[in-house]
Amino acid sequence: MSSDFDCIVIGGGPAGMTAAIYLARFRRRLVLLDAGGSRAQWIPRSNNHPAFPGGIEGRELLERMRRQMARFGVAHVKERAENLGREGKDFLVEARNERFAARAVILATGAVDRVPEMKDVLDHVRRGTIRQCPICDAYEVIDRRIVVLGSGRHAVEEALFVRGYSPDVTIAFPSGQPGPDPDESAALRRAGVAVLADAVQGVSCDEGEVRLDLGAGRVVRFDVAYSGMGIAPQTQLVADLGPQLSSDGRLETDAHMQTTVPGLYAAGDVVTGLNQIAVAMAQAEIAATAVHNAARRAEGRSLGR
């Protein structure tokens, strides 16, 4: 087993790397496990992240953060954490043939977007034709033809949200998914959001347009599509520890980003809250500081309790 650490950070996205940078600057012994799946890498260009007036592409942001981590000597292990358990007061994390032990863990495993079934969907996400976050980038599609793909309250709320950016918004439902209920239909009608009556049989992108196949040769076109299908929080690794989850399946935390499992902290999109890079970073800063302060108390170097 590897030598003990003060903290194991799991996840190599903006939250995980922020936590690692803070812990390193606190002079804590840490290791960051990174499976390489941060969904920030699919961001074509973020224009609402502070301090980047020209915007920043997701992969560039991640690379900048990796260089910053390296500057402070963070142990960056590019492997997936496969198992997480407890042994006495320690957390044990397994990754392939290695095991890591620490008194604290910061989980920053994020979430996976549910996207339309179509060829090369992530390429189209990178190009900005298929979009996932209207809070992030609806400003960039002002007055364009927008379709929201999805079903249920989440998709309806997303369609109502983007209606503030364009007069031409449609909500469409994949084949096999229910349409809006009466209350949702009324809200969409009041907002001027069109409801596509026919179920979508297929989605494709061609020459910068989104094409919805309605069957029998019928096709409707839009400038951009938002995936209103929600996300899948990546909490499987800690399921056996039994942390409390919110109604959307994400981790509940206290003001210090600690879950209901003592010593297990979480930050980023795996946590209940707003899915934004700046928010994920702030949560990670809080979690890392809490880990450091808990360690100081255990070492007798703090008056706090």
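Me: How many of the twelve residues of α1 are buried?

Reply: This is a predicted model, so keep that in mind throughout. Buried means under 20% relative accessible area. In α1, ten of the twelve residues are buried, so the helix is largely enclosed by the rest of the structure. They are Pro14, Ala15, Gly16, Met17, Thr18, Ala19, Ala20, Ile21, Leu23 and Ala24.

Me: What covers the buried residues of α1?

Reply: The cover includes two helices, α2 (58-71) and α7 (277-298). It also includes the strands β1, β2 (30-33) and β6.

Me: What span should helix α1 have at 1.5 Å a residue?

Reply: Helix α1 covers residues 14-25, and its twelve residues should span 16 Å. The end C-alpha atoms are 17 Å apart, which agrees. Look just past the helix too.

Me: How many aromatic pairs does a search of the whole structure find?

Reply: The search finds three aromatic pairs. To read one, take the distance between ring centres and the angle between planes. Planes under 30 degrees apart count as stacked, over 60 as edge-to-face, and the rest as tilted. For Phe5 and Phe100, the centres are 6.2 Å apart and the planes stand at 50°, so this pair is tilted.

Me: Which parts of the chain does the pair of Phe5 and Phe100 link?

Reply: The pair links distant parts. Phe5 is in strand β1 (residues 5-10), and Phe100 is in strand β6 (residues 98-107). They are 95 residues apart.

Me: Is Phe5 buried or exposed?

Reply: Compare its accessible area with the cut-off. Phe5 has a relative accessible area of 14%, so it is buried. Phe100 is buried as well, at 2%.

Me: Which residue lies over the face of Phe91?

Reply: Here, look for a charged side chain above a ring. Arg86 lies over the face of Phe91, 3.9 Å from the ring centre.

Me: How many salt bridges does a search of the whole structure find?

Reply: There are 19 salt bridges. In one of them, Arg59 meets Glu57, with the closest N and O atoms 2.9 Å apart. Arg59 is partly exposed, at 42% relative accessibility. Glu57 is buried, with a relative accessible area of 15%.

Me: Which parts does the salt bridge of Asp223 and Arg145 tie together?

Reply: First the bridge itself: the side chains of Asp223 and Arg145 meet at 2.8 Å, N to O. Asp223 lies in the loop between β14 (218-222) and β15 (224-227), while Arg145 lies in the loop between α4 (134-137) and β9 (146-149), so the pair ties together parts that are 78 residues apart in sequence. Asp223 counts as buried, at 19% relative accessibility. Arg145 is partly exposed, at 26%.

Me: Which residues do salt bridges that share partners join into one network?

Reply: Start from one bridge and follow the shared partners. Arg301 bridges to Glu299, with the closest N and O atoms 2.5 Å apart. Arg301 is partly exposed at 47% relative accessibility, and Glu299 is partly exposed at 40%. Shared partners join Asp6, Arg28, Arg29, Glu299 and Arg301 into one network.

Me: What order do the strands of the open sheet of five strands have?

Reply: Read a sheet from strand to strand, across the pairings. The order is β8-β15-β9-β10-β11, with parallel pairing. β8 (130-131) and β11 (194-195) stand at the edges, each with a single partner strand, so one side of each is left without a neighbour in the sheet. Further in, β9 and β10 pair in the parallel sense over four bridges. Ile146 stands opposite Val169 in β10.

Me: Where is Ile171 found?

Reply: Ile171 is in strand β10 (residues 169-172). Its relative accessible area is 0%, so Ile171 is buried. Leaving aside neighbours within four places in sequence, its contacts include Val148, Ala155, Leu188 and Val195.

Me: Where is Asn275 found?

Reply: Asn275 sits in the loop between β17 (264-266) and α7. Asn275 is partly exposed, with a relative accessible area of 22%. Not counting residues up to four places away in sequence, Asn275 touches Arg39, Cys133, Ile231, Arg250 and Asp269.

Terms used: Residues are numbered from 1 along each chain as its sequence is written. This is a predicted model: local features need pLDDT of at least 70, side-chain atom pairs count only at pLDDT 80 or more; totals for chains, interfaces and linings use all residues. Side-chain values use heavy atoms; hydrogens and water are left out. Rings of Phe, Tyr and Trp (its six-membered ring) pair if their centres lie within 6.5 Å; planes under 30 degrees apart count as stacked, over 60 as edge-to-face and the rest as tilted. Buried means under 20% relative accessible area, exposed over 50%, partly exposed in between (1.4 Å probe, protein chains only). A charge sits over a ring if NZ of Lys or CZ of Arg is within 6 Å of the ring centre and within 35 degrees of the ring normal. A salt bridge is a side-chain nitrogen of Lys or Arg within 4 Å of a carboxyl oxygen of Asp or Glu. The expected span of a helix is 1.5 Å times one less than its number of residues. Contact means heavy atoms within 4.5 Å. Two strands pair if DSSP finds at least two bridges between them.
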